[in-house]
Amino acid sequence: MSAAVIETRALGRRFAGVTALHALDLTVGAGEAVAVFGPNGAGKSTLLRLLATLLRPSGGVLRLFERAVNDGGAAARRRVGFLSHQSFLYPDLTPTENLDFYARMFRVPQPPERVRALIERVGLTGWAHRPVRTLSRGLEQRCALARALVHEPELLLLDEPFTGLDVDASDMLSGMLRETHAKGTTLLMTTHDMARGFQVCRRAIVLARGRLVWDGSIAGMRPDDFERRYHELTQPPPGSALSPQPSALRTSS
Amino acid sequence: MLALIRKDLQIEFRTKETLAALLLLGLLTLVVLSFAFDPTSELRGEAAPGALWVAVIFAGVLGLNRSFLAERENDCLQGLLLCPVDRGTIYLAKTAGNFLFMIMAQVVIVPIFIFFFNLPVAVGLGGVFLSLALGLLGFAAIGTLFAAISVRTRAREVMLPLLLLPLAVPIFIAGVKVSGHMLAGKALAEVTPWLNLMGGFDVIFLVVGWLVFEYAVEE
């Protein structure tokens with residue numbers, strides 16, 4: 001197996017007494033593309049924020065690029081990109097100014113050249129000098145992808161990147177992500193859109209109630225078959241507040 | 001750090017929101033207070049340093065409240081925290097930006113303050129600016145830290161002054177004392193202890209802010 005980009009052992013996170021992620025063991029090798037599926041509140045975003053070093057673990061070990069993240073994560077952050085449904089772009093600055101700012105924060109050599117190349121790559125040349133506030137959601141997300149790639153990260157974390165995008169914009173983003181993965185970047189993506197997950201990734205994990213309940217290859221698997229299995233895995237335990245109540249399931253005769 | 005300061009200045013010069021708010025509130029406070037005193041009364045001169053610092057405090061709190069609003073839009077603070085930069089450096093850059101905005105506002109407010117309070121133009125102006133520079137540095141240092149904490153709360157406009165003002169009181173007292181002595185034409189040597197106090201507070205607040213900012217912005 002290729003070198004591990006992500007390695008977690010019993011990784012957990014609690015928020016004010018509520019456990020969002022339970023003792024997760026996960027290894028992701030270099031060059032893999034992994035989809036993270038799970039219902040709302042399953043711990044997907046918490047996992048990504050832990051991996052991005054935005055959150056500190058409450059327990060367990062997190063290793064990125066075969067090094068323990070114990071220094072606050074500044075060294076690891078240099079090699080990690082993060083794309084969320086929030087763009088992290090300053091609305092009053094233009095795409096060029098935003099990318100230039102992030103390029104300088106990541107100490108990218110020759111920021112103007114890098115920014116120009118990225119603007120061209122994501123197809124924002126015509127909008128490069130307009131404030132982000134005036135861009136459509138699709139254009140803003142393209143700019144956000146450029147921001148996440150500005151320092152050429154080896155690991156790209158994607159938290160619901162297709163949220164709010166129309167079909168065309170989602171197709172375009174999906175294509176860009178496949179292109180980025182083909183260049184050797186490791187991807188880890190949370191999404192509720194299984195078809196998109198299948199388009200971009202060849203491995204999937206399923207989280208439910210903060211626990212890893214499935215981990216395997218989805219190459220060659222049909223999304224419909226996987227979806228049936230997914231519903232079995234993520235169904236709340238019988239008797240819990242979230243499980244369907246008999247009265248709710250009863251149909252009128 | 002320079003990239004972060006440059007970004008804050010770029011946004012401010014485009015929107016002019018913080019500077020306009022600082023100037024308007026500062027000037028409005030001075031105008032109202034100047035009408036509270038009889039123009040011929042000696043009390044007007046004695047109250048002048050207090051009036052200046054009241055304007056500084058009101059305008060400063062408003063500016064500090066705004067300092068993390070740009071980082072809230074589109075969750076930009078998370079974007080900043082993803083950069084491979086020590087969180088203490090982010091704090092120092094935000095403090096420097098806030099300090100610059102407050103000083104810029106004072107460059108406009110102080111001449112108008114001199115006009116409204118009918119003060120001699122040249123007397124002690126350097127000392128007044130020195131007290132403002134030292135006072136505003138400490139105010140920005142502690143205010144930036146509390147602005148980062150309060151921006152996540154629902155009642156942030158109320159929370160910031162509640163947290164900030166009690167701790168910043170020593171700076172304001174020293175600022176009023178130094179400004180008063182300077183406007184009265186006294187020597188700078190007479191206010192050295194007050195200047196030392198302000199300098200000491202600046203260093204303490206900057207170091208504490210640099211050390212704890214990481215925990216202030218963490219979930």
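A: Let's start at the contact itself, which takes 20 residues from chain A and 20 residues from chain B. Two residues are in contact if their C-beta atoms, placed from the backbone, lie within 7 Å. On the side of chain A that touches chain B, the elements giving two or more residues are α2 (74-77) and α3 (95-105) of chain A, and α3(A) gives the most, with 4 residues. Helices (H or I, at least four residues) and strands (E, at least two) are DSSP runs, numbered from the N terminus. By kind, the residues on this side of chain A are 13 nonpolar, 2 polar and 5 charged. Here Ala, Val, Leu, Ile, Met, Phe, Trp, Tyr, Cys and Pro count as nonpolar, Asp, Glu, Lys and Arg as charged, and the others, Gly among them, as polar.

A word on what you are looking at: this is a predicted model, in which local features need pLDDT of at least 70 and side-chain atom pairs count only at pLDDT 80 or more, while totals for chains, interfaces and linings use all residues. Residues are numbered from 1 along each chain as its sequence is written, and chains are lettered from A and ligands numbered from 1 in the order in which they are written.

Now for the nonpolar core, a set of buried Ala, Val, Leu, Ile, Met, Phe, Trp, Tyr and Cys residues joined through C-beta atoms within 7 Å. A residue is buried if 20 or more other C-beta atoms lie within 10 Å of its own, exposed if 12 or fewer, and partly exposed in between. The largest core has 138 residues, and Val34(A) and Leu187(A) are among those that touch the most other members. Its largest share, 13 residues, comes from α7(B). Leaving aside neighbours within four places in sequence, Val34(A) is in contact with residues including Val28(A), Leu187(A) and Cys201(A).

Helix α7 of chain B covers residues 125-150. Of its 26 residues, 20 are buried. From first C-alpha to last, α7(B) reaches 35 Å, close to the 38 Å expected at 1.5 Å a residue; that expected span is 1.5 Å times one less than its number of residues.

Finally, look at the open sheet of chain A, where 4 strands follow the order β2-β1-β4-β5 with antiparallel pairing. Two strands pair if DSSP finds at least two bridges between them. β1(A) and β2(A) share 8 bridges, and Phe15(A) stands opposite Val18(A) in β2(A).
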